[in-house]
Amino acid sequence: MPPAHRPLRHRGFLAGAVLVSVFAAASLLAPVLAPQDPHAVASGGGATLEGPTVGHPLGTDALGRDVLSRVLWGGRVSLAVGVGVEALVVVLGCAVGLLAGYFGGAVDAALMRVTDVVMAFPSLVLAIGLIAVFERPGLDKVFIVLVALGWTTIARVVRGEVLSLKARDFVQAARALGGGHRAIMLRHLLPNALAPLLVAATIGVGGNMVAEAGLSFLGLGAQSPTISWGAMLADGQTFLAIAPWVAVFPGAALLLAVLGVNLLGDGLRDLLDPRLRA
Amino acid sequence: MALLRPIASRVVALVPVVLGITVLVFALNAIALGDPARAAMGQRADPETLERLRREYALDRPLPVQYATWLGRLARGDLGESFREQRPVGEVIRERLPATARLALAATLISVVLGVGIGALAAVRAGSALDHLLMGVAVLGISTPVFWLGMMLALVFAVTLGWLPVSGYGDGALGHLVLPAVTLGALHTGTVARMTRSSLLEVVRQDFMATARAKGLSEWAVLGKHALRNALVPVITVIGIGLADLLVGAPLTETVFAWPGVGRLLVAAVGQRDLPVVMGAVLVFALVYVLGNLLVDLAYLVIDPRMRDAARA
């Protein structure tokens, strides 16, 4: 591992870490931080599509709901989908990658053909096609679809690592000492594939967030009353000319959150990749 | 004819992937539709027509036979009939293809010209403030959600400044193409810029570069003549990766700008539950993607002779 002080000198990594921390904290603390109930519509007339004011720092939407509160609550959905999907994707991808790389032969061929086919589709297009299979769209379907399609990258990364590791002495030694398949895969191969896995998973979180927002923007993801940045943007586009703040702020939040995750991922790669290590 | 064998081997390698794609789309179709005959006929189904359709689709036979029948129709370009428009899906998609192709080409052009330019500039001034700034912009481009970028560009250049139209195809007028193309190209511009920079820096470290410099060539001549050609291979890789960005961004960009392409058709068809159109469009996107990647592979063979040997080995 790199010396502990190195991450603090990597500017991109630091910026990413700060952005991600702010994003995570704001989302987790949304119930405390949000000045208003994000679902509360304007009671009297006049408060709909209101520009930023003291009472509504980011303005209000077409129903008079506070945009700031909705942006904060929307972050929870984005965070939950980004991290939740990736957690399952990592488990699935590791299983496929380990089995394919370790056993090789027919197992490898079969698993990699499936991976090839899933990867042969532009991801969001296949996601849209899968969503169409369900009677009605929803955030739960987005979750299922993103897990079903997301594991391929991790599987390839892990398989690649396993292929290069399994010929190494310590793996041979473990086998000679009578280590079972499961022990070798989980105790020797997986821990040594951790660095590239971590990088790929971090970047994957950002991809999940963008995909969720995109699907919700297209009306194929989160449905009202679930608050999603993508769905807010779809509303915002309707009123772009008269009330741009409805679209500007959820999009800016999404951009900063994804930027943070990507910077963090890039930084991790720089810090963990032995080829770049001095 | 040195190229014939590697080309053939690449085409053959695609067969299982393309078959896999059709199996997956067929499975989606089967799950989504249940009984396609009934789904196609909706409420108006009379028993006789249903029976005829079922025989046509071989629905009374086992699944593999159904798949083979479906594949046979597909091979003849028959993608089924749109529920909504009551005409062949192939026809509906074909009408929308030119708009998507135009948008994708314009976006690719923008991303390659801008991306290679930005990447080369950053490489020449590697380590400088300009380098950091350009690479910062590139990461920003990669992280900006396309649909939001499209809306912001429309807000600034169409709504506020009034320079360009907000949306629509405008009967092919160039002004209508600008904002969608910049939007769709932006994501990829960042990727191309980063890849160009890093591969140029990689090439610069190699021996023949020192030779070129020792001959007294200027830095730009060294980079332009020697480095760029050698850096072209990864750049082509990135154009291949960009194809995915383009196809993923198309449904979003086309929706933002009301662009009458296949992407918007796909999104609208999901909303209308016009499943034959959905599956047809998904299939077309996948085939275009596979074909595009094949072209990228073939481009390698032309640019880099080493790849030909690798293919033979």
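This is a predicted model: local features need pLDDT of at least 70, side-chain atom pairs count only at pLDDT 80 or more; totals for chains, interfaces and linings use all residues.
Local features need pLDDT of at least 70 and side-chain atom pairs count only at pLDDT 80 or more, whereas totals for chains, interfaces and linings use all residues. Residues are numbered from 1 along each chain as its sequence is written, and chains are lettered from A in the order in which they are written.

Q: Which helix gives the most residues to the side of chain A that touches chain B?
A: Two residues are in contact if their C-beta atoms, placed from the backbone, lie within 7 Å, and the contact takes 36 residues from chain A and 39 residues from chain B. Elements giving two or more residues to the chain A side include helix H5 (105-119), helix H6 (123-133) and helix H10 (194-217) of chain A. With 10 residues, the one that gives the most is H6(A).

Q: How are H11(A) and H12(A) oriented to each other, roughly parallel or roughly antiparallel?
A: Their axes, lines fitted to C-alpha atoms over the stretch in contact, with angles running from 0 to 180 degrees between N-to-C directions, come within 8 Å and cross at roughly 150 degrees. Angles over 145 degrees count as roughly antiparallel and those under 35 as roughly parallel. H11(A) and H12(A) are therefore roughly antiparallel.

Q: Is Thr237(B) buried, exposed or partly exposed?
A: Thr237(B) lies in helix H10 (residues 219-256) of chain B. A residue is buried with 20 or more other C-beta atoms, placed from the backbone, within 10 Å of its own, exposed with 12 or fewer, and partly exposed in between. Because Thr237(B) has 16 other C-beta atoms within 10 Å, Thr237(B) is partly exposed.

Key
Helices (H or I, at least four residues) and strands (E, at least two) are DSSP runs, numbered from the N terminus. Angles under 35 degrees count as roughly parallel, over 145 as roughly antiparallel, 65 to 115 as roughly perpendicular and the rest as oblique.
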